[in-house]
Amino acid sequence: MTQAHTPLARRRWLMLAGASAITALVPTLGWSDDDEDEGDAGSSTSAISPAATGLTGRMVVVGGGMAGVTAAKYLRLWGGSGLTITLVEPATTYVSNIMSNLVLNGSRTVTSLGYTHGNLTTKYGVNVVRASVTAIDKANKTLTLSDGSALPYDRLVLAPGVEFEDAYGLTQTDYETRTPHAWRAGPQTQLLRDQLAAMPSNGTFVMTIPKAPYRCPPGPYERACLVADFLKTTKGTGSKVIVLDENFPTDAANPYTAIQAEAHTFTQAFTVTHAGVVDYQPGVTDIAIDPVTKAVSYTDRMGVPHTLNPQVVNPIPPHRATGSSASGWMTQAGLANGASGKWALVNVLSFESTAPGAAGVHVIGDASQCGLPKAGHVANQEAKICADAIVRALSGQQPDPAPVANSACYSPITASTASWLTAVYQYDAVNAKFVVANNGGVTAGAKAVESANISSKNFQQMNTWFNTLMGDSFA
């Protein structure tokens, strides 16, 4: 892996990473492997020798997922040996949300999606603290941790991810034990897999999709496809997957315009590939779920009430930045200053918080409100832009005035076929936000590019993309 230490080299590296999303659909430089069941990325434990840049400072990163791990790694690669870098994360293993829908049809296991933070310590010299944040003192630049300790910082990068709201009459206990959302990969993913496997022939599966923004825009539609494929091949063609989408169509005459990503692909998947199995209902309101009987009531977009009695119900509830509840540590620190108090507003040139008194505090990944989609690949990109900006700041420089990011993902549609979606984002200085680039420049109305076909070749390439991305973050 090439290590870029100067601002110009880093900028060129980031631009190359973005450009390759369009040309190769393997947009992250780094380690790659086609092993579908790889699990923890990389096996090398030899330490790197970072440059002696002359930079010093205490860098603290909160969150051991895609954004946090990438930020810690690249702060070391680009910031050099003089930085003290600490990662705060209570969990010893990160389970990838990407590819986790394949656990539901038995193609993957939860274990195969597990990644540890060992390389951060052994290869990059990052200190890992097994704790969670309970408070931030912005004035004194100190974190209070769940073990009671205080951790000082010069620069703080927050990548805490999301937490899920109580919704539809359900509680967190219901999600964990009876009606799993499985939108954080792990035990709930296995629970939902077990419930699907136990379904009777020609049964009914009901899932909900919250209003955007939510983590991974195409993810719910991908899940509906994989569940439909699994049920019709193992439980009978009379099986039903009913999708209750709280997002409304942009065209009243076309219900599929409510689909939040890959509208062409998922319209084809619902109406052709899984025709007669998937029942897609957008614009629904008043969803209520009985956690014991699993009865689901809702009102359709025409105002007509309905009640369903599925064998399995999978509610994907609304979510918000971790710590952004009324009493949460992010709210108490004044950092949840985005829409409805759920997200953190940032300056997208550096991902530094725009909250008063938050100088030196950066928020990346799903917790930020920055105009980019909430997804693992994007979190990797945001982390690099943030790390580059921090290194520049430590060098007495301004952030890159024209950062580039890219988004790419593959969506399995059946057990052997997939689609893809990709976009390059550039900074729009007029509106101070990222926008989709078209033909190498910022163009109003530009859109992400999706694959023309659902194919087995895409499914094979999906594994290369996934392992490349996870290796870039964790290896």
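L77 is found in helix 2, where helices (H or I, at least four residues) and strands (E, at least two) are DSSP runs, numbered from the N terminus. L77 is buried, with a relative accessible area of 3%; buried means under 20% relative accessible area, exposed over 50% and partly exposed in between (1.4 Å probe, protein chains only). The C-alpha atoms of L77 and A51 are separated by 7.8 Å, although the two residues are 26 apart along the chain.

Before going on, a word on what you are looking at. This is a predicted model, in which local features need pLDDT of at least 70 and side-chain atom pairs count only at pLDDT 80 or more, while totals for chains, interfaces and linings use all residues. Residues are numbered from 1 along each chain as its sequence is written, and side-chain values use heavy atoms, with hydrogens and water left out.

Stepping back, the protein has 10 helices and 27 strands, and 57% of its 475 residues count as buried. Of the contacts (heavy atoms within 4.5 Å) with a separation of 6 or more, 68% are between residues 24 or more positions apart.

Let us return to helix 2 (residues 66–79), whose axis comes within 8 Å of that of helix 9 (residues 376–394), the two crossing at roughly 35 degrees. Axes here are lines fitted to C-alpha atoms, for helices over the stretch in contact, and angles run from 0 to 180 degrees between N-to-C directions. The crossing is right-handed, that is, the near helix is turned clockwise from the far one by less than a right angle, with anticlockwise giving left-handed. On the helix 2 side the meeting residues include A67, Y74 and W78, and on the helix 9 side they include A379, A383 and A387. This contact has 11 nonpolar, 4 polar and 2 charged residues; Ala, Val, Leu, Ile, Met, Phe, Trp, Tyr, Cys and Pro count as nonpolar, Asp, Glu, Lys and Arg as charged, and the others, Gly among them, as polar.

Helix 9 also packs with helix 10, at an angle of about 35 degrees and with the axes 11 Å apart, this time in a left-handed crossing. H377, N380 and K384 in helix 9 meet W465, L469, D472 and S473 in helix 10, a contact that divides into 2 nonpolar, 3 polar and 2 charged residues.

The structure holds 10 aromatic pairs; rings of Phe, Tyr and Trp (its six-membered ring) pair if their centres lie within 6.5 Å, with planes under 30 degrees apart counted as stacked, over 60 as edge-to-face and the rest as tilted. Y94 and F474 have ring centres 5.6 Å apart and planes at 15 degrees, so they are stacked. Because Y94 lies in strand 3 (residues 93–95) and F474 in helix 10 (residues 456–474), the pair ties together parts that are 380 residues apart in sequence. Both residues, Y94 and F474, are buried. Elsewhere, ring pairs link Y221, Y256, F266, F270 and Y280 into a cluster.

Finally, take a look at the backbone. Most residues other than glycine have a negative phi, and most peptide bonds are trans. The bond from A212 to P213, however, is cis, with omega near 5 degrees. N202 has a positive phi near 55 degrees and is partly exposed at 44% relative accessible area. K294 has a positive phi near 70 degrees, yet counts as buried at 17% relative accessibility.
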